[in-house]
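Here is a briefing on one structure. Load the model first, then follow the points below by topic.

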Amino acid sequence: MNANGLTDPFGRRIEYVRVSVTDRCDLRCFYCMPRGFRDFEEPADWLTFDEIERVMAAFARLGTQRIRLTGGEPLVRKDLPVLARRLAALPGVNDISMSTNATRLARSANELVAAGVRRINVSLDSLKPEVFKQITGGKLEKVLDGLMAAKAAGFEPIKINMVMLGGINDDEVEDIVEFCLEHGFTLRFIETMPMGETGRKAIGSYVDLQTVKARLERRYELLPGVMPGGGPARYVQVAGSSLRIGFITPISQHFCATCNRVRLSVDGTIYTCLGNEHKLELRPRLRAGCSDADIEDAIREAIALKPERHEFKENPDKIIRFMSMTGG
Ligand code: SAM
Ligand code: SF4
């Protein structure tokens, strides 16, 4: 453990950073980004690869070992494997992962693996083309192509993220379990969060994942307590298989007490909590010529702002920004 490590005011060690490389996306999942939305950050305000590398090097000196590339859709950012390679080479960093919608994964899967991205999470909310289109506005086929390319390229594990939406995709719980069994993917169900206008509307389709778990228990024998990965998912394993199923339950059972992460957005803001506005804007300092030691001080300052927990349940109107702006 790094003696200079980051500990927040509630005693949580912060050793994981999710880096949003763009707020843009080629899909419009209705719970995430409004249809027709185009009010994106200007390219001049995006952190450059040099700036991202510099900030992440500072995080790494302060004990960060794990970095996840996310967005928006990270593969919309040009030359992402180049950035991945640079981050993977930072001393102290031993885990580079990515969250993606996989529409563009088929063309870059091999390059990403070669750059050092080992683990990926892929959003897949439906296996029915028309329902997939209704939720995301995009084509299921492209995502499945991306997933198969990822499997061939050797990412391990590949985790499927499915946001559970009542009356929309909740009839596909067993289908997605069978799909993951067939392909050797890990599966995670996610509860909708009231992030921005879009997230709040989707709360109308909220499903308590305890009910999904109970439903799966009627069909499969689920073994508890596998894969404690420091992340928010609580996992079970399907007996007689290697399939792990995680439940990400920000609403029905929040997991803030074990939170180990912060987020860096594309405009260089450190967000210390998905469900709060506590943040530190790093870009002005970077562009005013601050030193590496100043960046470390700014990171410590940000971590000191980290609140105890989100209030998605008690105070759902609090967060105006939607998920793709922060980096999910
Ligand atoms: N575009 C990539 C993707 O979809 O995986 C990465 C970014 S996306 C914002 C990261 C994750 O956030 C996805 O799994 C998505 O389903 C989830 N997400 C977005 N808005 C959400 C919301 N309001 N509630 C719950 N999950 C949400
Ligand atoms: Fe894009 Fe991911 Fe948001 Fe869907 S969840 S709109 S794929 S950023």
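Buried means under 20% relative accessible area, exposed means over 50%, and partly exposed is in between, with a 1.4 Å probe and protein chains only. At 48% relative accessibility, Arg-85 therefore counts as partly exposed. This is a predicted model: local features need pLDDT of at least 70, side-chain atom pairs count only at pLDDT 80 or more, and totals for chains, interfaces and linings use all residues. Residues are numbered from 1 along each chain as its sequence is written, chains are lettered from A and ligands numbered from 1 in the order in which they are written, and side-chain values use heavy atoms, with hydrogens and water left out. Helices (H or I, at least four residues) and strands (E, at least two) are DSSP runs, numbered from the N terminus.

**Ligand surroundings**

- A residue is near a molecule or strand if one of its heavy atoms lies within 4 Å of it.
- Ligand 1 is surrounded by 19 residues. The closest are Tyr-31, Gly-72, Glu-73, Ser-123 and Met-193.
- A polar contact is a pair of N or O atoms within 3.5 Å; within protein, one must be able to donate a hydrogen and the other to accept it, and residues adjacent in sequence count only if both atoms are side-chain atoms.
- Gly-72 places a polar backbone atom 3.0 Å from a nitrogen atom of ligand 1.
- Glu-73 uses its side chain: an N or O atom there is 3.2 Å from a nitrogen atom of ligand 1.
- Thr-100 has a backbone N or O atom 3.3 Å from an oxygen atom of ligand 1.
- Around ligand 2 sit Cys-25, Leu-27, Arg-28, Cys-29, Cys-32, Gly-72, Asn-101 and Ser-324.
- The ligand 2 shell has four nonpolar, three polar and one charged residues. Here Ala, Val, Leu, Ile, Met, Phe, Trp, Tyr, Cys and Pro count as nonpolar, Asp, Glu, Lys and Arg as charged, and the others, Gly among them, as polar.

- Most residues other than glycine have a negative phi, and most peptide bonds are trans.
- Glu-156 and Pro-157 are joined by a cis peptide bond, with omega about -5°. Pro-157 belongs to the loop between α5 (140–153) and β7 (158–163).
- Asp-79 is not a glycine, yet its phi is positive, about 60°. This residue is in the loop between β4 (66–70) and α2 (80–88). Its relative accessible area is 43%, so Asp-79 is partly exposed.
- Ala-102 also is not a glycine and has a positive phi, about 70°. Its loop runs between β5 (95–100) and α3 (105–115). Ala-102 counts as buried because its relative accessibility is 0%.

**Helix α5 and its partners**

- How do α5 and α6 (residues 173–183) pack, by angle and axis distance? The angle is about 30°, and the axes are 12 Å apart. Axes are lines fitted to C-alpha atoms, for helices over the stretch in contact, and angles run from 0 to 180 degrees between N-to-C directions.
- That makes α5 roughly parallel to α6. Angles under 35 degrees count as roughly parallel, over 145 as roughly antiparallel, 65 to 115 as roughly perpendicular and the rest as oblique.
- From α5, Leu-144, Leu-147, Met-148 and Lys-151 make the contact; from α6, Phe-179, Glu-182 and His-183 do. Contact means heavy atoms within 4.5 Å.
- By class, this contact has four nonpolar, one polar and two charged residues.
- Gly-146 is in helix α5. Its relative accessibility is 0%, so Gly-146 counts as buried.
- Not counting residues up to four places away in sequence, Gly-146 touches Ala-102, Leu-105 and Ala-106.

- Ser-265 lies in the loop between β12 (261–264) and β13 (269–271). It is buried, with a relative accessible area of 3%.
- The side chains of Ser-265 and Asp-267 form a polar contact of 2.4 Å.
- Leaving aside neighbours within four places in sequence, Ser-265 is in contact with Ser-20, Tyr-271, Met-325 and Thr-326.
- Ser-265 and Val-21 are 244 residues apart in sequence, and 7.0 Å apart in space, C-alpha to C-alpha.
- Arg-85 is in helix α2. Leaving aside neighbours within four places in sequence, Arg-85 is in contact with Ala-114 and Ala-115.
- Arg-85 and Asp-26 are 59 residues apart in sequence and 24 Å apart in space, C-alpha to C-alpha.
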